[in-house]
Amino acid sequence: MISVRHLSKKFGENVVLDDVSFDIEKGDVIAIIGPSGTGKSTLLRCLDLLEHPEEGSLSFDEENYDLPKLDKKGTRSLTRRTAMVFQSFNLFERKTALQNVMEALLLVQKKDKEKAREIAVARLTEVGLADKLDYYPKHLSGGQQQRVAIARALALQPELIYMDEPTSALDPELVNEVLDTIKLIAKQGNTLLLVSHEMQFVKNVATKVIFLEGGKIIEKGTTEQIFEDPKNERTKQFLARNNIHPGPEYTI
Ligand SMILES: Nc1ncnc2c1ncn2[C@@H]1O[C@H](COP(=O)(O)OP(=O)(O)OP(=O)(O)O)[C@@H](O)[C@H]1O
Ligand SMILES: [Mg+2]
């Protein structure tokens, strides 16, 4: 079990995350939804140590990481357990798809070259890119680049994968191939914490949903609970604005 506890983050006087706590079970696909500017990206960035929260901890089973107080060793230990898929892919432009996936296996996990190559080829094959191993990012479509980024995250066998709107930088016709890839890795039992505004996708893939507004968790529950029977008015309004209409269909 992974737990986030009392996560709080301010930018100056602006409280962006206010005492956020939730649990993640192995194999969960948790979608964080909510209006723009509500702290969704900041939440992932704090957990991935790209921002420094004032308060908050992340624990994996018995191992607790107090985020504001992490030393070098704690930072290294935590970052090895997680991986992030960015909206804008963040691939190395001067490396091929294969080299992008091999990079952290060689440098962080100290795998030998043959083993790293074997893992990278397997992961790239899984995301449908077996024929693109030697392509540079600029010769790949956005959807293909994002699939390389997903293969790179998977290759490290992280216990938790973060994704921040992984399809929002893509042309509409490329969104589905990436959503299908995410669906596939969710089915494989990977644990995902993702921010998405693709409500139909969230409905189909997420096991749990967190509705965040104004830096606070307004409501959380199973996807079914949140989409079919939201309790909070603000959740209801947000879902309605996104064309999700909960509740049974009444026939008169
Ligand atoms: N580096 C920063 N410096 C100052 N303020 C920031 C910084 N990053 C984010 N913020 C502020 O924190 C708040 C939350 O931003 P965040 O990007 O987490 O929202 P979000 O929910 O991801 O929004 P969106 O759905 O538009 O991506 C916003 O008010 C934003 O302006
Ligand atoms: Mg965001």
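This briefing describes a predicted model, beginning with the surroundings of its ligand and moving on to helices, strands and individual residues. Because the model is predicted, local features need pLDDT of at least 70 and side-chain atom pairs count only at pLDDT 80 or more, while totals for chains, interfaces and linings use all residues. Residues are numbered from 1 along each chain as its sequence is written, and chains are lettered from A and ligands numbered from 1 in the order in which they are written. Helices (H or I, at least four residues) and strands (E, at least two) are DSSP runs, numbered from the N terminus.

**Ligand 1 and helix α1**

- The shell around ligand 1 consists of F11, N14, V16, S36, G37, T38, G39, K40, S41 and T42, where a residue is near the ligand if its C-beta atom, placed from the backbone, lies within 6 Å of it.
- Two elements, β2 (14–24) and α1 (40–47), each contribute at least two residues to this shell, and α1 provides the largest share, with 3 residues.
- By class, the shell holds 2 nonpolar, 7 polar and 1 charged residues; here Ala, Val, Leu, Ile, Met, Phe, Trp, Tyr, Cys and Pro count as nonpolar, Asp, Glu, Lys and Arg as charged, and the others, Gly among them, as polar.
- Helix α1 is mostly covered, with 6 of its 8 residues buried, and these are K40, T42, L43, L44, C46 and L47; a residue is buried if 20 or more other C-beta atoms lie within 10 Å of its own, exposed if 12 or fewer, and partly exposed in between, with C-beta atoms placed from the backbone.
- After α1 comes L49, which has a positive phi, near 65°.

**Helix α6**

- Helix α6 (residues 172–187) has 16 residues and spans 24 Å from its first C-alpha to its last, close to the 22 Å expected at 1.5 Å a residue, the expected span being 1.5 Å times one less than the number of residues.
- The buried residues of α6 are V178, L179, T181, I182, I185 and A186.
- These residues lie on the same side of α6 because they cover an arc of only 160° around the axis, the arc being that of the directions from the helix axis to the C-beta atoms.
- The face turned away from the buried side of α6 carries the exposed residues E173 and K187.
- The buried residues of α6 pack against β3 (29–33), α5 (142–155), β8 (192–195) and α7 (199–205), where two residues are in contact if their C-beta atoms, placed from the backbone, lie within 7 Å.
- Within α6, I182 counts as buried because it has 26 C-beta neighbours inside 10 Å, and, not counting residues up to four places away in sequence, I182 touches P166 and V205.
- I182 and L212 are separated by 30 residues in sequence and by 22 Å in space, C-alpha to C-alpha.
- Following α6 is G189, whose phi is positive, near 95°.

**Strand pairing**

- Strands β1 (residues 2–11) and β4 (residues 55–60) pair in the antiparallel sense over 5 bridges, with I2 standing opposite F60 in β4; two strands pair if DSSP finds at least two bridges between them.
- Strand β4 also pairs with β5 (residues 63–66) in the antiparallel sense, over 4 bridges, and the bridge partner of L58 in β5 is Y65.
- The hairpin formed by β4 and β5 has 2 residues between the strands, and D61 in the turn has a positive phi of about 50°.
- Strands β6 (residues 82–85) and β7 (residues 160–164) pair in the parallel sense over 4 bridges, and M84 has Y162 in β7 as its bridge partner.
- In a regular strand the side chains alternate between the two faces of the sheet.
- In β6, T82 and M84 point one way and A83 and V85 the other way, and all are buried.

**Individual residues outside these elements**

- L78, in helix α2 (residues 72–79), counts as partly exposed because it has 18 C-beta neighbours inside 10 Å.
- Leaving aside neighbours within four places in sequence, L78 is in contact with L49, L58, Y65 and L70.
- Q157, in the loop between α5 and β7, has a positive phi of about 50° although it is not a glycine, and Q157 is partly exposed, with 14 other C-beta atoms within 10 Å.
- E165, in the loop between β7 and α6, has a positive phi of about 45° although it is not a glycine, and E165 is partly exposed, with 19 other C-beta atoms within 10 Å.
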